[in-house]
Amino acid sequence: MLYSMYDARSRALAPVRLMAEATRLTFVNPFHPLSWTPLGRMMAAGSGVIESLLAERGKPEWGIDEVSVDGTSYPVEIEPVLAQPFGDLVRFKKAGFPRPQSRILLVAPMSGHFATLLRDTVRALLIENEVWITDWRDAAQVPKSEGRFGVDAYMQYLMDFLAHLHAEDPRPVHIMAVCQPAPLVLATVALLAEEKAPHCPASMVLMGGPVDTRAASTVVTQVAENRSIPWFERHVIHRVPARFPGANRKVYPGFLQLRAFWSMNPARHAGAHWSMYKHLVRGDGESAERTQAFYDEYMAVADVAADFFLETVDHVFRRHSLPKGEMMWKGRLVRPETIRDVGLMTVEGELDDISAPAQTEAAHDICPNIPEALREHLLQENVGHYGIFNGRRWREQICPQIGAFVRRMEAGDVKQDAA
């Protein structure tokens, strides 16, 4: 019912957004006499902010057209190479690039945002690597006839994607998880390592993920720990309205996740929009555009299948089944101790208030049989959750260290020493 009410509200506010757009266009028109006055600039700026806040955003474009490597620019072709109902395996191909590079499967979060949130992550990785990404679909766009999608299906998707990459090219693949998928990527690798699957990755890089939430408390962990699964079912699970392809599917709506994120730092978001207004009034379009670009991505949200959301809360935040050695996949026990020759790098942000420091590093304790030569941990100073995979410190400090780790894992002497 809540989802239908939200959808009706959004549609009812469409005329207000159109009015704000018309007002903005009127007062930025150089032929309008008031456009040159302080009043005109304030009217245009205020209307622009209102228009931004009320806009309905779909999946953003990747916007990665080319990448520069050693001073040479290469066009980037973005192509789905394996399609599944709930998400695609997408490749970023540097057309005309002359030599093979390390291969990375980037696992995007399925937690309310589209995979395009990792645009900056992909752009930086592309310089030294061949990159694929899990492009998860908005559950509101998946017909109910496609069935349920829970943790077991999610991990099967990861296995299928890795198997596809191996079938195309037997060279090593490195799997990299950003935020939410970290524990499920670790569990998937454990299953593949135990059965000595040929498509088991050469290394895994876990970034700012809730591998063991008992290691450090945050607002996110407290909310999950203090509420039961039936509470979540009653309060945050809703059915997709009739006008969407996924009509009647139970989901955790993206707009609720967005409200949760905003509620963690309301003053920061209010301040950002106030600054955007002031930039527009002063005519500082470049600063305003940066803020606008961030919120165009941040406010583009996707629904998450209810089964996946509830099972993730249960496994990761309530029962801690993976670090306790109790996690099951299709009736089979997940045993991280069977991982012996897969590299493990963990990355955390000192100021991360979503997956606090120590939550991801706990992966090293969960995987006791990985040799020290195949391990690495990075705690990046003065970086919050988003800064781990986006921004200047990501590009200049974190990404180069991940690249060095990947190359080290592919070096024969490291593997021999570990053996």
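Visitor: Over the ring of which residue does the charged end of Arg227 sit?
Guide: This is a predicted model. In it, the charged end of Arg227 lies 4.8 Å from the centre of a ring. The ring that Arg227 sits over is that of Trp231.

Visitor: And over which ring does the charged end of Lys94 sit?
Guide: The charged end of Lys94 is 5.0 Å from the centre of the ring in question. That ring belongs to Phe97.

Visitor: How many aromatic pairs does a search of the whole structure find?
Guide: One of the pairs is formed by Tyr154 and Phe308, whose rings are stacked. The search of the whole structure gives a total of 19.

Visitor: What is the angle between the planes of Tyr154 and Phe308?
Guide: A pair of aromatic rings is described by the distance of the centres and the angle of the planes. For Tyr154 and Phe308 the centres are 4.8 Å apart. Planes under 30 degrees apart count as stacked, and this pair is stacked, with an angle of 25 degrees.

Visitor: How many residues apart in the chain are Tyr154 and Phe308?
Guide: Tyr154 belongs to helix 5 (residues 151-168), while Phe308 belongs to helix 12 (residues 306-318). The pair links distant parts of the chain, and the separation is 154 residues.

Visitor: Is Phe308 buried or exposed?
Guide: Buried means under 20% relative accessible area. Phe308 has 1%, so Phe308 counts as buried.

Visitor: Which residues join Tyr154 and Phe308 in a cluster linked by ring pairs?
Guide: Tyr154 is buried, at 0% relative accessibility. Ring pairs connect Tyr154 and Phe308 with Phe86, Trp136, Phe149, Tyr157 and Phe161.

Visitor: Which residues have the most contacts inside the largest nonpolar core?
Guide: This core has 109 residues. Helix 6 (residues 182-194) gives the most to the core, with 10 residues. The residues with the most contacts inside the core are Met204 and Met207.

Visitor: At which residue does helix 14 bend?
Guide: Helix 14 reaches 27 Å from its first C-alpha to its last, close to the 27 Å expected. The bend is about 35 degrees, and a proline, Pro400, follows within four residues. The residue at the bend is Ile398.

Visitor: Is Glu396 buried or exposed?
Guide: Glu396 is in helix 14. The cut-off for exposed is over 50% relative accessible area. Glu396 has 51%, so Glu396 is exposed.

Visitor: How far apart in space are Glu396 and Ala124?
Guide: In sequence, Glu396 and Ala124 are 272 residues apart. From C-alpha to C-alpha, the distance in space is 9.1 Å.

Visitor: What is the phi of Cys179, a residue other than glycine?
Guide: Cys179 is in the loop between strand 6 (173-178) and helix 6. Cys179 is buried, with a relative accessible area of 11%. Its phi is positive, near 70 degrees.

Visitor: Where is His199 found?
Guide: His199 touches Met159, Leu162, Ala163, His166 and Leu192, leaving aside residues up to four places away in sequence. With a relative accessible area of 19%, His199 is buried. His199 is found in the loop between helix 6 and strand 7 (203-207).

Technical notes
Residues numbered from 1 in each chain as written. Predicted model: local features only at pLDDT ≥ 70, side-chain atom pairs only at ≥ 80, totals over all residues. Heavy atoms only, no water. Core = buried A, V, L, I, M, F, W, Y, C linked by side-chain atoms within 4.5 Å. Buried < 20%, exposed > 50% of the residue type's maximum accessible area, 1.4 Å probe, protein only. Helix = DSSP H or I, 4+ residues; strand = E, 2+ residues; numbered from the N terminus. Expected span 1.5 Å × (residues − 1). Bend = angle between axes of the 7 residues up to and from the residue. Phe/Tyr/Trp six-rings, centres within 6.5 Å; stacked < 30°, edge-to-face > 60°. Lys NZ or Arg CZ within 6 Å of the ring centre and 35° of its normal. Contact = heavy atoms within 4.5 Å.
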